[in-house]
Amino acid sequence: MLLHDLVATSTAVAATRSRKAKIAALATLLAATPPAEVETVVAYLGGSLRQRRTGLGWRGLSELPAAADSPTLRVAEVHEAFESIAALAGSGSQAARAAAVRALFERATADEQVWLRGVALGEVRQGALDALVQEALAVTAGVPLDAVRRAAMLAGSTTAIALRALTQGEAGLAAIGLAVGRPVQPMLAGSAPDLAAAMAKIGAGPLAIDAKLDGIRIQVHRDGDDVVIATRSLDLITERLPEVVALARALPASRFVLDGEALALDATGRPRAFQDTASRTGQSVADERVVVTPYFFDLLHLDGRDLLDAPAHERIAALDALVPVEHRAARLVTDDHAEAGEFLDRVLAEGHEGVVVKSLAAPYAAGRRGSGWVKVKPVHTLDLVVLAVEWGSGRRQGWLSNIHLGARDPETGGFVMLGKTFKGMTDEMLTWQTERFLELETHREGHVVHVRPEQVVEVAFDGVQRSTRYPGGVALRFARVVRYRDDKRPEEADTIERVRRFG
């Protein structure tokens, strides 16, 4: 397939706001895609490369060679070129990378060059998010959308199941199950403003209330002596958490998949700052000065039995029998509001974020944010994306300080600016973000540094007010930075619609 055809589809998708038209355009291209190129085309339609890292940044792609007059570049050739670029390392790799970029881009037309630079930098904004690609894949393959979603959840990505959907249909997708050792997309929680609303959302009868821990989400797979630990974004961090590996090997079962949180504690047993946990789990070599303790709250598989579709009360019983109490998240099962309130107060007093209210009848909906889990945090927070940063003045001279905040717009695939803030930033955070955002820089306008919309930041706020100053029509009141979320991708940021519901 010519890259020209894919770029033309991407352009058409970006040009329409109609979800139906977007899906139709994507489905038409998928139907014309040769089997050998399906995985690459699906990844590209979602706006990303198949390579996790290429070593390419804005500076390396700022000056491009003269464009080709006519389209000849094929999708498979593009993938092979980026594979070669991603493999470059060591002495001379910078020059070799620049030469490889030139060789690729000089074969591309002007439109293709723009698109290639966008996909390499994660800046393709055509509205073709993964959910839309899944819908188009379901249409093309003639299979139920739920079958595509479930298979993608269990396989870890849409790209991984696309060819099977197109060649084997619903039966092929149904054959994709939970495999111990292969991380699945984790179940996510909805949110409620308070405990009463969360309990009402779950429904009548007893429910489980778990402590919401401020750590790193981990999924632990054990198969005999083999242990795999994955993050919320399915990055593998097994070597970084030897204490978790040791605990997994000590549990009285040989095959299981656990879901939980890992966090660093201080000498009194209270959670340390999130940055301590993030720093510990983000290092390639374990730092023995910071010990991470795992706490588990769900069990997806146990010794040959998949538990994904089992009701929560069955999974809880199996979890309690497998994991000692000191490594289980605190939990209360009740339908009494007063008792639930006391539990929330106790969890907050212990330094945790809040609670997650859970239905005892719900299955484990991998990769979905549904009504089976509802989180309650006493302070309103949003996960937003940094769109630009301003150079500071006075005491903050020389640091990138005031960040521009954006909420996700599912209709356009882009982000809507909600305002700015520099509140809540420590000197350490300012130092870190100056280095981070200079790496993500795309261009400058005076004292404003525009960046690729990749960094997610958790922001606390007191409320939402109407505003004509920002394109979304709303602005956050007294926004302040809680932390940067390296465990979240920009497509997981909160939507503009969710922001408006706080108004």
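**Reading helices, sheets and loops**

Student: What span should helix α5 have, and how far apart are its end C-alpha atoms?

Tutor: At 1.5 Å a residue, the 13 residues of α5 (residues 93-105) should span 18 Å, and its end C-alpha atoms lie 18 Å apart, which agrees. The expected span is 1.5 Å times one less than the number of residues. Helices (H or I, at least four residues) and strands (E, at least two) are DSSP runs, numbered from the N terminus. This is a predicted model, where local features need pLDDT of at least 70 and side-chain atom pairs count only at pLDDT 80 or more, while totals for chains, interfaces and linings use all residues. Residues are numbered from 1 along each chain as its sequence is written, and side-chain values use heavy atoms, leaving out hydrogens and water.

Student: Which residues of α5 are buried?

Tutor: An α-helix has 3.6 residues a turn, so residues three or four places apart point the same way. In α5 the buried ones are Ser93, Arg97, Val101, Leu104 and Phe105. They cover an arc of only 95° around the axis, which puts them on the same side of α5; the arc is taken from the directions from the helix axis to the C-beta atoms. Buried means under 20% relative accessible area, exposed over 50%, and partly exposed in between (1.4 Å probe, protein chains only). The buried residues of α5 pack against α4 (75-87) and α6 (110-121), with contact meaning heavy atoms within 4.5 Å.

Student: In what order do the five strands of the open sheet lie?

Tutor: Two strands pair if DSSP finds at least two bridges between them. Here the order is β4-β3-β5-β6-β7, with antiparallel pairing. The edge strands, β4 (226-231) and β7 (305-306), each pair on one side only. Within this sheet, β3 (216-223) and β5 (255-264) are joined by eight bridges, and Asp223 has Arg255 as its bridge partner in β5. Helix α13 (312-322) packs on the sheet, touching β5, β6 and β7.

Student: How many residues of strand β2 are buried, and how does β2 pair?

Tutor: Six of the six residues of β2 (207-212) are buried. β2 pairs with β8 (331-334) in the antiparallel sense over four bridges, while five bridges join β2 to β9 (354-358), again antiparallel. Ile209 stands opposite Val357 in β9.

Student: What is the phi of Asp303, and where is Asp303 placed?

Tutor: Most residues other than glycine have a negative phi, and most peptide bonds are trans. Asp303, although not a glycine, has a positive phi of about 45°. Asp303 sits in the loop between β6 and β7 and is partly exposed, with a relative accessible area of 44%.

Definitions and conventions. Axes are lines fitted to C-alpha atoms, for helices over the stretch in contact, and angles run from 0 to 180 degrees between N-to-C directions.
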